[in-house]
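These are my notebook entries on a structure that I went through residue by residue. I wrote down what I looked up, in the order in which I looked.

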Amino acid sequence: MPHQKLSALIEAICNFVICNDSSLQSQPIIFNPDFFVEKLRHEKPEVFTELVVSNITRLIDLPGTELAQLMGEVDLKLPGGAGPASGFFRSLMSLKRKEKGVVFGSPLTEEGIAQIYQLIEYLHKNLRVEGLFRVPGNSVRQQILRDALNNGTDIDLESGEFHSNDVATLLKMFLGELPEPLLTHKHFHAHLKIADLMQFDDKGNKTNVPDKERQIEALQLLFLILPPPNRNLLKLLLDLLYQTAKKQDKNKMSAHNLALMFAPHVLWPKNATANDLQENISKLNDGMAFMIKHSQKLFKAPAYIRECARLHYLGSRTQASKDDLDLIASCHTRSFQLARSQKWNRVDFCSHQEETQQRTEEALRELFQHVHNMPESAKKKQLIRQRKVLGNQMMSEKKNNYPPPDSVAIGELKRASKENMNLLFSGSPAVLMTPTRLKWPEGKKEGKKA
């Protein structure tokens with residue numbers, strides 16, 4: 001990990017996780033809800049992919065061949081013969097991409113995204129231009145800008161040398177020259193199935209009304225298994241198009257109009273024509289418009305995926321899907337729910353604090369290990385000093401803010417009513433789940449029951 005990134009990350013942790021403002025000491029520690037999702041994706045990609053794909057197939061029907069294509073286990077079969085080339089043609093395409101430069105026509109990389117981000121950042125400041133992304137720019141200025149990006153040059157787009165239409169057209173050109181669409185060939189059939197997700201009426205019959213909630217959930221899952229560069233650029237692009245559509249009263253570019261401009265580069269298979277896609281064109285265009293309209297919701301992992309990832313690292317029993325979580329929640333009886341609520345009255349405060357602290361310490365341990373492995377330098381000494389200060393802050397807060405668990409449990413029990421006490425000690429599952437928190441001798445426990 002580069003020293004600059006590591007330093008910035010540690011500084012962010014110091015400023016974001018540990019709050020030194022005394023007025024906010026009572027608030028829970030802020031924590032990234034997708035931390036364990038990203039950790040599982042990075043450390044155990046096979047487990048992560050299996051978890052996500054199992055939930056995708058719960059939402060959409062993917063026959064064996066299409067599922068195998070999504071997993072990359074078989075050769076792709078796409079309209080117009082699009083797909084990865086082989087043999088001599090693959091080598092020829094690779095040579096052509098190298099001749100084109102490091103950005104345009106090359107496979108997507110984080111370095112290429114960093115260059116293209118200059119275009120996206122500029123366009124965010126010029127969203128009111130009428131016909132943005134529809135009106136073509138000047139070809140001479142575009143070639144100058146293209147060469148500068150391919151050479152890795154920082155460009156001063158604010159100088160007035162280039163017009164917004166030049167930049168917008170060049171962004172579309174970059175997407176059009178990628179070796180495969182931004183959402184990849186593997187995901188093509190899955191997106192067609194997502195477009196077919198419809199609501200059901202009271203009798204269980206399928207209607208013609210799109211089921212937006214299931215479509216959003218399916219897209220959230222599908223985006224989780226995109227290659228990281230594709231996912232990162234897709235997020236930047238959809239956010240730009242979302243903001244553009246919000247200014248449609250000025251630029252005359254609605255989400256539907258933008259979808260017509262970008263669906264061929266984001267969703268359509270390479271080399272496929274309108275005749276090849278036939279009836280699927282409207283599905284793909286509507287799907288692109290849907291992604292633009294709901295872009296602010298699509299890059300969050302579903303709650304059950306976050307919970308599965310969290311349980312995976314906390315050593316608890318993991319559930320395979322949302323259905324499993326719903327099944328477990330629905331099978332409890334009313335008496336068990338009452339008992340569970342009494343249990344949480346006893347231990348909610350301390351368990352929440354302990355769990356949050358455990359997450360924070362785990363994230364910091366990983367960062368500190370990176371610092372330890374760095375070569376000796378002034379930067380390393382500075383980071384070690386930050387580590388000591390941060391460690392002292394955490395120890396101080398842990399000592400001051402966390403009361404002993406037993407005192408919390410006993411205090412809550414004293415405030416419980418006689419009925420709740422009888423319920424707690426009637427052998428309910430809630431008490432059996434937390435035997436270590438009530439460490440009374442047998443005689444004392446009988447006395448409490450009496």
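Predicted model: local features only at pLDDT ≥ 70, side-chain atom pairs only at ≥ 80, totals over all residues.

**Entry 1, H187.** I began with H187, which counts as buried at 3% relative accessibility, where buried means under 20% relative accessible area, exposed means over 50% and partly exposed means in between, with a 1.4 Å probe and protein chains only. I found H187 placed in the loop between α8 and α9; helices are DSSP runs of H or I with at least four residues, strands are runs of E with at least two, and both are numbered from the N terminus. Leaving aside neighbours within four places in sequence, I listed L70, L222, I225 and L226 as the residues in contact with H187, contact meaning heavy atoms within 4.5 Å.

I recorded 23 helices and two strands as the secondary structure of the protein chain. Of the 450 residues in the protein chain, 42% are buried. The accessible surface comes to about 24900 Å², and 53% of that surface belongs to carbon and sulfur atoms; accessible areas come from the Shrake-Rupley method with a 1.4 Å probe, and for residues only the protein chains shown count as cover. When I looked at contacts between residues at least 6 apart in sequence, 76% of these joined residues at least 24 apart.

I looked up S164 in helix α8, which covers residues 164–176, and found S164 buried, with a relative accessible area of 5%. Not counting residues up to four places away in sequence, S164 touches Y122, L123, N126, V129 and L132. I then went to E177, which is placed in the loop between α8 and α9 (188–195) and counts as partly exposed because its relative accessibility is 22%. The C-alpha atoms of E177 and K270 are separated by 9.4 Å, although the two residues are 93 apart along the chain.

From C-alpha to C-alpha, V266 and K172 are 9.9 Å apart in space and 94 residues apart in sequence.

How many salt bridges does a search of the whole structure find? I noted ten, a salt bridge being a side-chain nitrogen of Lys or Arg within 4 Å of a carboxyl oxygen of Asp or Glu. In one of them E66 pairs with K193, the closest N and O atoms being 3.0 Å apart. This pair links distant parts of the chain, with E66 in helix α4 (residues 64–70) and K193 in helix α9, 127 residues apart. E66 counts as buried at 19% relative accessibility, whereas K193 is partly exposed at 23%.

I next looked at K283 and D196, whose side chains meet in a salt bridge at 3.1 Å, N to O. This pair also links distant parts of the chain, K283 being in helix α15 and D196 in the loop between α9 and β1 (198–200), 87 residues apart. K283 is partly exposed, with a relative accessible area of 27%, and D196 is partly exposed, with 29%.

The last pair I wrote down was R214 with D211, the closest N and O atoms of this salt bridge being 2.9 Å apart. R214 counts as partly exposed at 23% relative accessibility, whereas D211 is buried at 14%.

I finished with K293, which lies in helix α15 (residues 280–293) and is exposed, with a relative accessible area of 54%.

How values were computed. Residues numbered from 1 in each chain as written. Heavy atoms only, no water.
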